[in-house]
Each structure stands twice: as structure tokens, then as C-alpha cells.
Amino acid sequence: MKKHYLVFLISIIMLMVSSLHSQTVKGLYVDGFSTILGNTNAEDSLLNYAQYNNFNYLALYDLWTVHTIYNLTNSATCTVLANFIQRAKQNFGVLQVGAIGENFFFFNNVINIYNQQHANPLQKFDVYNVEFEFWNTTTVSSGNYYCTTYLQPGGYTCDTAGAFSYYKRLIFKVDSIANAAGVISETYVGWFNQGQAITIGNTVDRILLHDYVNNYSAIYSYIQPRLQLIAARNAVTTVIPIFSAEPAFMGPWLSTHTVYTPYTDLQTSLANETGSWKQYINLMGYQWFAYSFMPYNAISTGELDIKGDEINIFPNPASNYLNIKSKYETSLNIYLINTLGEEIHPAKFQNKNEITLDLSKLAPGIYFCSVQWGDKRTIKKIVKE
């Protein structure tokens, strides 16, 4: 009886893992995570933002700094991270949390040990994400960061060929420990040749491929040649395009569009592709770079809380009136925004620190209250009863 139950339990676990691996990824890179972790307001802002935009994957930068603060290999001190990951998964719709790193020591001696110390899958990392820009001629050249930190000490030449040799060994080793731990291996790549694309596709579970454009009409043409190089493997490869919210790329565009539109348009373009190579590309979702660049507006329905108590918006839920109280007497620009991104109650107040908005004529539902003063802004989700 126990044996049959064990077989059944293993089957259920395998089904859950399979479902997790096939889930459409809606990812967000989280930069500056060491300044967020442990700060309740900052953690809540991030998790609320992820939930409101339907992000189900958070890829965390800055984990080495987190490790120096909380020692992630110590089961007692790393609880702050474990609690954050569990909250993200339990309460905010996050399905996967990824650890980003650039060397094997970090994954093997920090992240893997952290995972081994946590039996609860809700507290674990689900993805090991390798970032090592082997194609970056500046960082790999003599005297620069990759050269002096990794290539020269490892006996590799300080050029893109030596950097790829280092990188190839790195992703193989990280993929090996990821497989042993039952987590996903992935890597971010920008530029590569066909042989490199095949090697990468043969090694990791999924490829995050940058699609950094400032002209939206080029979103498919920019990435298409590299998709063809990946498809030359003649085996299905999972690819997740990365879009950049940086001002030089799609930041301005994103301020008036939804986060999922680029992926939808890429899917359509790939479906209309006439080349037989497209059968080998599995577009599995999208990734946005990065949290600090994402516009906090009604289109992305995010929520940004300024640290401290500079702005207080209450009550919430609200019936007929909404109070906005500022710590300072200053000029406040206030907007109520509906879920379609329409500004429905713009107002400007000079040198006042407490304002009351009349909501009596608004239909019940969800709104966003945006308050801007100087170069600061906070956006808060409001429920109108």
C-alpha cells in the first residue's frame, strides 16, 4: 500500500514539475534586489507591481550582495529571503523565482546550498539563470572585467573566442547542478554565431534572447535572424524574448502600451513565418528588463510606494471620499486613473498637505491614485465601494 502511494505521489510531483516547465513565462528582471529585500514597503511594492501586471516569474539580480548581508548558506539568517519567495508564490501569483549569476562558485556554493536547506518548494529558487556576455568585446578584452576576473585566471584568451569557451563550460556545469536539483537552467544571450547557438541550445533548458529595439516595428525583424540560428539545431528550443524598458529602448513606448503586447505581436509574426525553421522555436513567454525602468502608470497598472510615510492615501476601500495627506506642504499633481489607463480625475494643488477627492460620482471598481511631487511619484491601487 505504501509503495503504491509513493508511486502516486511521485507521479503527482512529476506532473506539477512538467506543468511548471511548460507554463507561459511572464517575467520581470528585478534589479537592486538587495535594497528591496528586508524592506517591507519595497517588497510589497515589487510584489504588488508583479501581481497587477500578471508577472509570474521574478529573476533576481544582486544576490551576491544579498548573500553578504544575510548569508544564504545559513538556514537561520536566510529566512528573510525564504519568506519573500514564499510570499511571492503564495500570495502574488509568482510561479517561478530565478537566481541570476555569472560564475559556477556562486551557483554551487551559495544558491544550490540555499535550495538544499529548504524542503518547502515555495521557498526555493526554481531557475538558475546564467548571465555572461561572451560576445561583449569591451568586457572580455585585455584589462577589462571578464578578462581579469575570469578569463586570465582560468587560462582563457581575453577575446570573444576565449570568453565563449569559458561560458560553454560554465553553462554546462550550471545545467548539471540544476538538473540534479530539479530546477530549470536558462541563460541570457545577445549575439552569437550558429555554432554557438547550437551549443547553447544543446545545453540549457531555455534561452532568454534580447530583443532591444527603440523602433517597435522592428521587434520581429531584429530577433528573427537569431531565431534562425537557434533553429539550426533541428530540435525544438525554448526561447523567451527579453524586452527592455530602458529609455533608449522601449521605455517611452511602454508608457502608453501594455507589457504583453510585444510578445503577442512576436507570436503572430512567427506564426506567419514561411520558413520551415520556425517549427524548432518554442516561444514560451516574455521577459522585461528591468523593474527600476518600468513605468509606474495606469497602462502597466503598477503600484509604487515611496519609502517612509511621505504620502498617505486613505481610506481604502473608499466610498465617497479619498484623502491624500502629504508630509510636506508642496505642489501635488493628483490623477485618478481607471483600469483602461484613462485619467478621470486630474487635479493640481499648490502648497497643501492634505486633500480630499470626491469619489461619489465614480462607479464602484478598481482605480489607481497617482500622486506626483517634484521628481517623486507614488501610485496606489484604490477600491471604490
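Let me begin with a word we will need: a residue is buried when its relative accessible area is under 20%, exposed when that area is over 50%, and partly exposed in between, using a 1.4 Å probe and protein chains only. Hello, everyone!

What you see is a predicted model, where local features need pLDDT of at least 70 and side-chain atom pairs count only at pLDDT 80 or more, while totals for chains, interfaces and linings use all residues. Residues are numbered from 1 along each chain as its sequence is written, and side-chain values use heavy atoms, leaving out hydrogens and water.

Let's start with helix 4, residues 63-70. Helices here are DSSP runs of H or I with at least four residues, strands are runs of E with at least two, and both are numbered from the N terminus. Which residues of helix 4 are buried? They include Leu63, Val66 and His67. These three cover an arc of only 100° around the axis, so they sit on the same side of helix 4; that arc is taken from the directions from the helix axis to the C-beta atoms. Among the parts covering the buried residues of helix 4 are helix 2 (33-36), strand 2 (57-60), strand 3 (96-101) and helix 6 (104-116). Contact here means heavy atoms within 4.5 Å. Just after helix 4, Asn71 takes a positive phi of about 50°.

Now, on to charges. Side chains of opposite charge can pair when their charged atoms come close. We call it a salt bridge when a side-chain nitrogen of Lys or Arg is within 4 Å of a carboxyl oxygen of Asp or Glu. How many salt bridges does a search of the whole structure find? It finds four.

Take Arg87 and Glu43, whose side chains meet at 3.0 Å, N to O. Arg87 lies in helix 5 (residues 79-91) and Glu43 in helix 3 (residues 40-52), so this pair ties together parts 44 residues apart in sequence. Arg87 is partly exposed at 25% relative accessible area, whereas Glu43 is buried at 9%.

Next, Lys89 bridges to Asp126, with the closest N and O atoms 2.9 Å apart. Lys89 is in helix 5 and Asp126 in the loop between helix 6 and strand 4 (127-131), 37 residues apart.

Finally, Arg206 and Glu186 meet at 2.6 Å, N to O. Arg206 belongs to strand 6 (residues 206-210) and Glu186 to strand 5 (residues 184-189). Are they buried or exposed? Arg206 is buried, at 2%, and Glu186 is buried too, at 0% relative accessibility. Elsewhere, salt bridges that share partners join Glu43, Asp44 and Arg87 into one network.
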